[in-house]
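Colleague: Could you walk me through this one? I'm new to reading models.

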Amino acid sequence: MSDQPGTRTLPPARTSKSHLENIKKVAVTMQGQQALFLELDQKRPLAAIIQDICQQWKLSDPENFALQFSEQNRHSYITDQNRNEISNGNVLTLTSSPGKKAQNIYSQLNNNASQLDRISALRDLSIFSSDISFAIEFINRNGLPLVIKFVTSGNFNGDPLAYTLKSFVSLMDHAIVSWDVLESDFIRKVAECVNCSSTATLDKQCLQSALEILESVVLHSTGKQAVVEQVVTPVNIIPHLQSRYTSQESVNGRTQERRGSTLTTQTFSSQANPEIQKNAIALINALFMRADPDKRKKIADQLHSKSMRNIILSHVIRGTQQVGNEMAHQLYVLQVLLLNLHEDRKKTPANAHDQTVRDIEELRRIAFDVDGDPNINTVRKSPSSAKDYRKLGFHNQSNPVEDFTKTPPGLLALDVMLYFARNHGESYVKVVLENSSRADEHDCPFVRASIMLTEILCDILKIGEQPTEEGQTFYPMFFCHDKPFEEFYCVCIQLLNKTWREMKATSDDFQKVLGVVKEQITRALKIHPSNFDSLRTRLSQLTYSEIIKLWEQERQSKEEWESQAKPILELREIIKPEIMDLIRQQRYNHMVEGAIFTKYAKSNQKKDRFWCWRLAPNHKAIHYGDCQDNAVLPIEQLPNKVSIVDIKMLQFGKEFANPKEKRDRKGISSFAFAIVLDTSDPLQLVANCEKEFDMWTDGIHALLGQEMTSSQTNQDLETLLSMEIKIRLLETEGITIPTEAPPLPPPPANLNFVYHL
């Protein structure tokens, strides 16, 4: 085969399959050179491949060149670590090596270059810093302190500052250098971008990079968190969730090894930037997460203010379907951090010498001494406190503080009850009085129910657990109120009271009611209610009867799906012979007990004569004889018998009835059958019902070694199979059964690992 110009071909002798898999057909380009088409051997060293390309293009110093991906949004250098990502058809670029590129940019930044050359170098640095090969070379040349110096000096603004901050973020993302290298001056200078009040002139790339830097300082540096807390607060960050920013747009595309400057235009975004919003929430989360308890409470108060909540709701959430995955994660983290503020109270038991006694007395007073208004001090009646505590549902009526010593939920349960009484006094009194007026066995003790409900809510919302890296579930309604958990409880305690009434529950049904309520709440949260009114509406639809209906539908759906799964079908076939033996034995036992049959009467015979039939215990003969219609005779009183070996076959009603009888005796012939013998006339019987007919015809078929085909057999088989499979699958509850069994792994190359005794 002849070589075409600009094309490398492989020797024809090497054509093994493994060798062909290592060959990638690619194109290599370079400015000022004709494209080169290569069959790139992945087993060859990269240096040798680059040397061959340089020879074809007559380029000296091949060590100063490297290959680079040239796909959109992918311009990383090709190294031994990522060369396996090369695919057939890729277009690669031969460009300056990471070391040469790093040296050129460093020289331009460090020398007395012109302003335009320095800006061009910063722009190139912001592009190439995302590549780890370049980042290592640039950092090894002491480039990072130079970037820090540019930021600290304050000489750069606008585009140059945006390029510098972006470069710093990209260099630090590789985790080559510790965040502890930063000084306070640098942090304060970066914070100026966040605290800038003029958003019309603030470049979004500057702000985005500044937010990322401050977040990383808080999370990853040692001792620099306090500096960030001094210069940046959530009050400064929140406005960036709603502001609009200018942004750069390159007119002539992506910049590569540029000479001169690229023409850029400033555009004004018509809406808040999602990336800036995400980074702003992430910085708030970082400050929140690392703050001490007092500062955390202060941050929470700021976030719970009406103005800040409105900004988050209006400019960030706007319906969960409009929130991206990364923003959803940040909102989830913020929600977890806010709800975890209740963790201390959840773990704190009551103390008889603190505020607890006064709070409990206030619960009693609001319920029984005033007309549902906690602000009214007029006493309406003064019953004994112990009696009131019993009506409220305290377990320890002589010392009600003891009811809150168990943790969780500790004092958190008392907090939410007191909030309910103070802020929803009318509903609180209604719940308490409605339950105290019921009969004792149907009374729903308010305090006991509230304590257990609070524990359930903590479990559903995972209060006390740290946010996970994968979590994205947040509920917009928790950003609608300054006391979201307390409001959540107020809705749910009224739901519990309603469900208790619907179930006509007694004290013995407490756990059952709580299970239904937990299911109602969990299902209502799946729609991600936008506010607490939406939650109430959804919960009103999920009545007890609706939950029962949904459970039944899900159970049937699951059973239907599982019944069609291949592993279940295979299990059914394995179990089926065992079940059929069980049915067969049951038929024999029924025949041994005996049954009364009507003699099949032809038109010229006397009707309504009965005889009794019983199977011998050894299953070798059937005994029969005349009897009354209501008495099964002992087998010793039955004078006649038929040996099983003498039975030829069974015939059914219409098979042995004459044409006239088929017309006149449809009802009787449907349960009629005849035992056909080898040596005498058939014995014709009529069963008194379908079940008796099925039991005896199945039994005789089984004795003859034939298949049992009645509808009763099919019904029994399905019932017993279903029950047996459910029993065998009890240990797989909650485990998804695959539709196909996983493939068997290939056998090992050898069995040398086997230990021979």
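Here are a few questions and answers about it.

Modeller: Before we start, this is a predicted model, where local features need pLDDT of at least 70, side-chain atom pairs count only at pLDDT 80 or more, and totals for chains, interfaces and linings use all residues. Residues are numbered from 1 along each chain as its sequence is written, and side-chain values use heavy atoms, with hydrogens and water left out.

Colleague: Is Ser 450 buried or exposed?

Modeller: Ser 450 sits in helix α21, residues 446-461 (helices are DSSP runs of H or I, at least four residues, and strands are runs of E, at least two, numbered from the N terminus). Leaving aside neighbours within four places in sequence, Ser 450 touches Met 417, Tyr 489 and Ile 493 (contact means heavy atoms within 4.5 Å). Buried means under 20% relative accessible area, exposed over 50%, partly exposed in between, with a 1.4 Å probe and protein chains only. Ser 450 has 0% relative accessibility, so the word is buried.

Colleague: Which residue in β13 is the bridge partner of Thr 598?

Modeller: Look at the open sheet of 7 strands, ordered β10-β9-β8-β7-β13-β12-β11 with antiparallel pairing (two strands pair if DSSP finds at least two bridges between them). There, β7 (residues 595-599) and β13 (residues 683-686) pair over 2 bridges. The partner of Thr 598 is Val 686.

Colleague: How many nonpolar residues has the contact of α3 with α5?

Modeller: The α3 side includes Ile 105 and Leu 109, and the α5 side includes Phe 134 and Glu 137. Ala, Val, Leu, Ile, Met, Phe, Trp, Tyr, Cys and Pro count as nonpolar, Asp, Glu, Lys and Arg as charged, and the others, Gly among them, as polar. Besides 2 polar and 2 charged residues, the nonpolar count is 7.
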